[in-house]
Amino acid sequence: MRKRRRSTMLAALVAAAMVAGCGRREAEVRAPDSWPAACMPRPRADALGLDAAREALRDAARRHERRVREAAFPGSTLRDVRARLEGAPGSGPCAADVAEAGAILFEHEFSFADGLGSREAANSPVGPFRRVHEGAFGGPETISCASCHWVGGPNGAGAETDNAYLSGDGDRPGSGDARNPQALVAPGVVEALAREISRDLQRQRDDLVREAGGAARERRLSSKGVDFGVLRVDAKGQVDASGLEGVDPDLVVKPFGWKGSHATLATFSTEALQVHLGVQSDALVQAGPGDASGRGPDPADPDADGKKDEFPAPLLSALTLHLALLELPVVEPLVQDRALPPAASALLAPTPTSFVDDFARGRGRFHALGCANCHTPRMVLEDPLLRVEGFPPVDLAREMRAPALQRDAAAGGYPVWVFSDFKRHDMGPANAAHHLQGGVESRLYLTPRLWGMADSAPYLHDGRAPGIDHAIAGHDGEGAASRAAYEALAPEEKGELRVYLMSLRRAPRVVVP
Amino acid sequence: MRRHSTFPALAALRLPALARGLGLLLPLGLAAPVAGAEELRIPDDATVAEQLEKAVDLRRREDYDRMLDARDPGELAEHATLTDVDFEHRHPGIDTLFVVGDELFSYPFRPENGWGRQRSATGPAGYTPPLRRVHDGRSGGPDAFACSNCHSKGGPDGAGTQSQVALLRGDGASARSADVRNAPHLLGLGPVELLAREMSAELAAGVAAAREKAAATRARVEQPLVAKGVSFGSVVATPDGRIDDAGVRGVDRDLVVRPFGWKGHQSTLRAMVEESLHLHQGLVSKRIQLAVQDGSVDPAPYGRGPWYDVDEDNVSLEIDSGMLTTVVGYLAQLEAPVVRPPQDPGLLDLFATGRTRFDAIGCASCHVPVLELADPRLDAAAGTGREAFVIDVARDGDGPKVEPKYANPSTPFLVRLFSDLKRHDLGPALASPAAEGSIPAAEFLTRPLWGLAETAPYLHDGRAPTLHDAIAMHGGEAAAARDAYLALDEPARASLRVFLASLSRQPKLFVP
């Protein structure tokens, strides 16, 4: 029971710190209202073109130089990133520069001198790493973000081997909750969408309270075509949230984490840096000492590793911006129309084959089986501006890597094929977690976004499903009916649905791993 | 070929910001100018275009294969499988072995392929047998679906990350009960297996010579054991033909050099692959299955079922010996790591001093920079009793390869692996919880350092996040070299780390 309270507290504390941090900083240093006039968005070269290939090789060369330099002068990478982020308002770095700095942070391998881990971990007789988290404090179990986000390419998902064991006893994987790292697919768009949904729901609540005017009333809340249940207000003006579905009483949609425990990339990254790397951001430190951050004697160094100021706010913002500007995935049936030579002497050449028909039938089944009830295919984002602390608002449509948001006048905004309703659902006892995460009930999980899923195996929150069939079989609770419907299909009908799902892919990019 | 547009003006615009950032990176009075990021050398356009086309083609094939598999399950496994029967009737080429082995290496095995043990009934939670992150004694996990899921860092066939450590020989539940192992990268393993074989032969020849000399001279002969310049202690031969091996060092008493595993417990890629498939994926090879049947192997680590399904997952013949041949043939064709000196002139200068310091302070006495390989031919089917499938590890498959020493056909090859392929005592702090078979707890094989740069964190259990930590944690036989490093001033230490961080792999384009 104690542990449950702890993890709930972590989310609350981090959230509080973020709010407090925002207010404080706004009073001191106001973020500039706009980016420097000379800033241009990053060039959107063909991701499989020669320019992209050259850039990938240059990137690899820079990475190698950076690594060698870091070996020579420990701490140089983070010093470099901090220097890049400096600059007077109006003449500071462009969004693209900030995102580039964030990309370096994402793959940076932290050392103890950088603030990795805690004193406790560094002095532990079983080594500095802890494969299973200990309570809300976490590991650390690794040294970089990129180490667990690689499947399907950079910023991708994690393999089953990368599972985190949250809120455990520091020793037994079975004591914690296994969590498979999720692919970081267009997280900026996700945050923006969630914010719009929250705004809609809160507006409906305010309208309800105002219109009730002392009478008992109720109304169904909905946003972007998704129903979030019933909100009631009684004669005294008290709001009753018990009829809500899939969202917290505060009507803030939290789209990050398997359980839907974080509303913003910033709070999500704050927690991830702490629990997986033992790197303490300003936001975490400002939340004060506790189970989540540690109780060292110096409040500026709660994990007592002798390193203060491990991850100042500008770094967190850069990391956030890097993630926020990652590209959208694609929905694209495979058409094998190019004559490919055989890969090897004894193998047959891939024959020209179109999967378009299977794709089309699979799409029909996706809807007919009820998958689309929760995995809502399309949502329309109205406003592509994303706010990241310390920086001017970012126009995702302009700054994102391609494929980027595209405005569709007929849709009234920027349609995205996200395959989630941004709601939590009861996935049944078979999927119940051992611990509460962010106060979310053990059987509730946020509908995972299926976009890009072809490149993110294994599936499910604990990565136990190596393929699509295993993933569907893992659906229970509210997903049980659709699972049963799928299992009743003929083999070729199942194949069509799988072809459709495997067409939800990341946009291919050339990289040097 | 897709078209692309260029944005030279934009690149120029962003240059000042980058240079400004990099300009601050000159601590310790290193005055050399920093190369602008845009000036870094990359291959010429023709090479880039060729690499790109290869990468895009590979991706198209993978897309196609996995889409076929989505429509008709089993297609992928089929494409990733060559059985003994295929080898006999289809005579696949060396390139085929590479392509198929590549697919097999990243194929996520599923319960229906024999992944795991004791398949449970279909149901929401039980459809897939649970992963077992902490191994249960010699039975292992399974802790992974695919080989590539612990060999991805720094690129395909790379090392494992810290989160991907294997928790070997545990109690199945507690991480603390386990012997932690960080997966090493897999490049250049073909030459390593062959080096070890040649060294074993040299040691055997030494013993034979001693025995002969003792018989001929009717006197006790103490024979130093040396292979490729590395000393493995000595043996004493007596005129009656007996051998006293008490003086043997760094290798098993049978004098077989075993270069695989952190402790050096396997001598062939084939044995290593077979063992890994069992421990990490719960896949039982046909050879083991038949050995269980004829009682020549203890079935306990594999399960309690009947011989034809000893792991009780309703799948028999999970790994055909042809599949092992395929993976061995694939691994033997992988590229060799390369040394990539930094391009910045100041760092390059440090690199050069670091290289000589590596020898001077004693690192090179165990991490021997070069071993010479005489015969680059590896039989991927060795041990199967089937027709040989010979890979030339200096020529076949992916480049770069180990380089020839001379320009003649009988030249030896220079394997720059930075290891003596010998076991050493590294002191109590690094010791395993227990001995591994006959290998004492504190003994480890000298880890080859080639390709080191992309493999952080370091050491057998990944406890060292940085090169400095890794060096500082050396003990036992390496204590003197460690102390020599720690006694250096910081710029001198830095030079050594720069050299080590330059032991890398060739950058290659991929479309993941």
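1. Two strands pair if DSSP finds at least two bridges between them. In this predicted model, strand β3 (residues 221–227) of chain B is joined by 6 bridges to strand β4 (residues 230–237) of chain B. The two strands run antiparallel.

2. The turn between these strands deserves attention. The hairpin of β3(B) and β4(B) has 2 residues between the strands, and B:Lys228 takes a positive phi near 50° in this hairpin. Within the pairing, B:Val226 of chain B stands opposite B:Ser231 in β4(B).

3. Which strands make up the sheet, and in what order? It is an open sheet of 3 strands in chain B, ordered β3-β4-β5, with antiparallel pairing. The edge strands are β3 and β5 (243–244) of chain B, each of which pairs on one side only.

4. A helix covers part of this arrangement's surroundings: helix α6 (residues 189–217) of chain B packs on the sheet and touches β3, β4 and β5 of chain B. The direction of α6 makes about 165° with that of β3(B).

5. In a regular strand the side chains alternate between the two faces of the sheet. Strand β3 of chain B has a covered face formed by B:Val221, B:Gln223, B:Leu225 and B:Ala227. The uncovered face of β3(B) holds B:Glu222, B:Pro224 and B:Val226.

6. In chain A, attention turns to a pair of helices. The axes of helix α3 (residues 76–85) of chain A and helix α9 (residues 313–324) of chain A come within 10 Å and cross at roughly 85°. Angles of 65 to 115 degrees count as roughly perpendicular, and α3(A) and α9(A) are therefore roughly perpendicular to each other.

7. Which residues make the contact between these helices? From α3(A) come A:Leu78, A:Val81, A:Arg82 and A:Leu85; from α9(A) come A:Pro314, A:Leu315 and A:Ala318. By class, the contact has 6 nonpolar residues, no polar ones and 1 charged residue.

8. Confidence should be read alongside these features. Chain A averages a pLDDT of 91, and 93% of its residues score at least 70. Over residues 1–28 of chain A, however, pLDDT stays under 50; the model has 42 contacts beyond four places in sequence for this stretch.

9. For chain B the mean pLDDT is 90, and 91% of the residues reach 70 or more. Residues 1–38 of chain B have a pLDDT below 50, and this stretch has 57 contacts in the model beyond near neighbours in sequence. For the complex, the predictor gives an ipTM of 0.91 and a pTM of 0.92.

Notes. Residues are numbered from 1 along each chain as its sequence is written. Chains are lettered from A and ligands numbered from 1 in the order in which they are written. This is a predicted model: local features need pLDDT of at least 70, side-chain atom pairs count only at pLDDT 80 or more; totals for chains, interfaces and linings use all residues. Side-chain values use heavy atoms; hydrogens and water are left out. Buried means under 20% relative accessible area, exposed over 50%, partly exposed in between (1.4 Å probe, protein chains only). Helices (H or I, at least four residues) and strands (E, at least two) are DSSP runs, numbered from the N terminus. pLDDT is the predictor's confidence in each residue, from 0 to 100. Contact means heavy atoms within 4.5 Å. Axes are lines fitted to C-alpha atoms, for helices over the stretch in contact, and angles run from 0 to 180 degrees between N-to-C directions. Angles under 35 degrees count as roughly parallel, over 145 as roughly antiparallel, 65 to 115 as roughly perpendicular and the rest as oblique. Ala, Val, Leu, Ile, Met, Phe, Trp, Tyr, Cys and Pro count as nonpolar, Asp, Glu, Lys and Arg as charged, and the others, Gly among them, as polar.
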